[in-house]
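Biologist: I am new to this structure and would like to be guided through it. May I put some questions to you?

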Amino acid sequence: MYSNSRIETFEQCPQKYKFRYIQNIRTETEGVEAFVGKRVHETLEKLYRDLKMTKLHTVEELLQFYEGEWEKNWHGHVRVVREGITPGHYFALGKQCIVDYYKRYHPFNQGRTLGLEERIEMKLKDGDKTYSVQGYIDRLTWDSATETYEIHDYKTGNTVPTQQDADEDRQLALYQLGLLQRWPDAKRVKLIWHYLAADKEIVSARTPTDLATLERDVIDVIHLIEEETKLGRWNVRVSRLCEWCEYKAICPAWKHPVAMEILTPNEYLQDTGVQLVQKFADLEAKKADLQAEIKALTQEQSKIEEAAIAYAQKENVLTLDGPEHRLVFKSEDEFRAPTKSEDPFAWELLRTTLKNAGKLEDVSTVNSGMLKFAMRNKKWPQDLVKSIMGLVTQGVKKSVSLVKK
């Protein structure tokens, strides 16, 4: 049985998918963002569940319930990752979410509630094979005035997506697919996200074409999961989300750094892995120093080369003698083809000239070396050669060779 959460976990990191769904590893660690989200969801669920029995809570009663659930469920393994933010800040955020929601929707008569934490199952057809995907709708409502089913989802995070992001969201669209499979006569379905921290509502809808595309896309991801399961590869995908991952302490990408964090400075420096990293880093630093030195030597050598060429020209010689080596000078005509970045007009004109003459394939790519080779063969018409010479930069290339005696 698949779920949107399960599919998202694989897309986020195959290794995390392996820990959670293949090896079924459960950890005591819980991110504070997930913790506050659960408490707010529980509070809004109580609001609407009791409303079904005609009991409307005051906002004070809901906040009292929220505080009680927070205290009852809080444990020592709730992790706060953001620097400078305390559990108290998250507790206050949850309260604000509840108060803002209460003010916006009171007296909560926007449609009839059909289900809370409603389990929904989608059947995805793939030839002769069928995949089952399940999910839980935070709140399912019916608006009799417009004959519309509404799928509501609560978000307590600070990030609010764009309308385009919402229109491309997979989770609630899957729920719509499941809803239409449950009630095929449903005429209209609205997808509604409540971004509680921002006190903002975003609404979206899906066409039959959208849902058909969604079904194919989800099946494609499931195929990837099945392939990865057969290969047993489970690559690690490092991202900023790693900071919130409950498997960080056992992940191949983070296991050693996490283990090192709790060591004393002396124990840390004695660790074999730490020592290997330091030795590697020292050698990398030495390489950088040598590369800088080589660059400086090359620049100095270029200056001496220029001076040697000038001296040879002045003395009208082609060789300079030294104790153990000789410098041999050579001059040859050179021309350089225009490049697209430097002179796009000349570059295009040269290509067009060669193409019209049926010679573009002779030079494969239009570069100086290929042009020089082709023209030296003297197989091209003189008028073509003349046209090309008008487009290239001509000069004399001087070179110096060091020869041992």
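Biologist: What radius of gyration does the protein have, and what does the globule rule give for 405 residues?
Modeller: This is a predicted model, with 14 helices and 11 strands in the protein. Along its principal axes the C-alpha trace spans about 110 × 65 × 45 Å. The protein is more spread out than a compact globule, because the rule gives 22 Å for 405 residues and the radius of gyration is well over that, at 35 Å.

Biologist: Which residue meets Glu 246 in a salt bridge?
Modeller: Glu 246 lies in the loop between helix H8 and helix H9, and its partner is in helix H2, so the pair ties together parts 226 residues apart in sequence. The N to O distance is 2.2 Å.

Biologist: Which residue forms a salt bridge with Arg 170?
Modeller: A search of the whole structure finds 22 salt bridges. In this one the closest N and O atoms are 2.8 Å apart. Arg 170 lies in the loop between helix H6 and helix H7, while the partner lies in helix H1, 159 residues apart. The partner is Glu 11.

Biologist: Is Arg 182 buried, partly exposed or exposed?
Modeller: Arg 182 forms a salt bridge with Glu 118, the closest N and O atoms being 3.1 Å apart. Arg 182 lies in helix H7 and Glu 118 in strand S4, so the pair ties together parts 64 residues apart in sequence. Because its relative accessibility is 33%, Arg 182 counts as partly exposed.

Biologist: How far from buried Arg 6 is the nearest side chain of opposite charge?
Modeller: Arg 6 is in helix H1 and, although buried, has no salt bridge. A polar atom of its side chain lies 3.3 Å from the backbone oxygen of Met 1. A salt bridge needs a nitrogen within 4 Å of a carboxyl oxygen; the nearest side chain of opposite charge, Glu 226, is at 9.7 Å.

Biologist: Which side chain makes a polar contact of 2.9 Å with that of Glu 30?
Modeller: Glu 30 lies in strand S2 and counts as buried because its relative accessibility is 14%. The side chain of Glu 30 also makes a polar contact of 3.0 Å with that of Lys 38. The side chain at 2.9 Å is that of His 75.

Biologist: How many disulfides does a search of the whole structure find?
Modeller: A disulfide requires two cysteine sulfur atoms within 2.5 Å. Cys 242 is in no disulfide, and the nearest cysteine sulfur, that of Cys 251, is 6.4 Å away. For the whole structure, the number of disulfides found is 0.

Notes:
Residues numbered from 1 in each chain as written. Predicted model: local features only at pLDDT ≥ 70, side-chain atom pairs only at ≥ 80, totals over all residues. Heavy atoms only, no water. Helix = DSSP H or I, 4+ residues; strand = E, 2+ residues; numbered from the N terminus. Buried < 20%, exposed > 50% of the residue type's maximum accessible area, 1.4 Å probe, protein only. Lys, Arg positive; Asp, Glu negative; His and termini not counted. Polar contact = N/O pair within 3.5 Å; in protein donor to acceptor, adjacent residues only side chain to side chain. Rg over C-alpha atoms; globule rule 2.2 N^0.38 Å.
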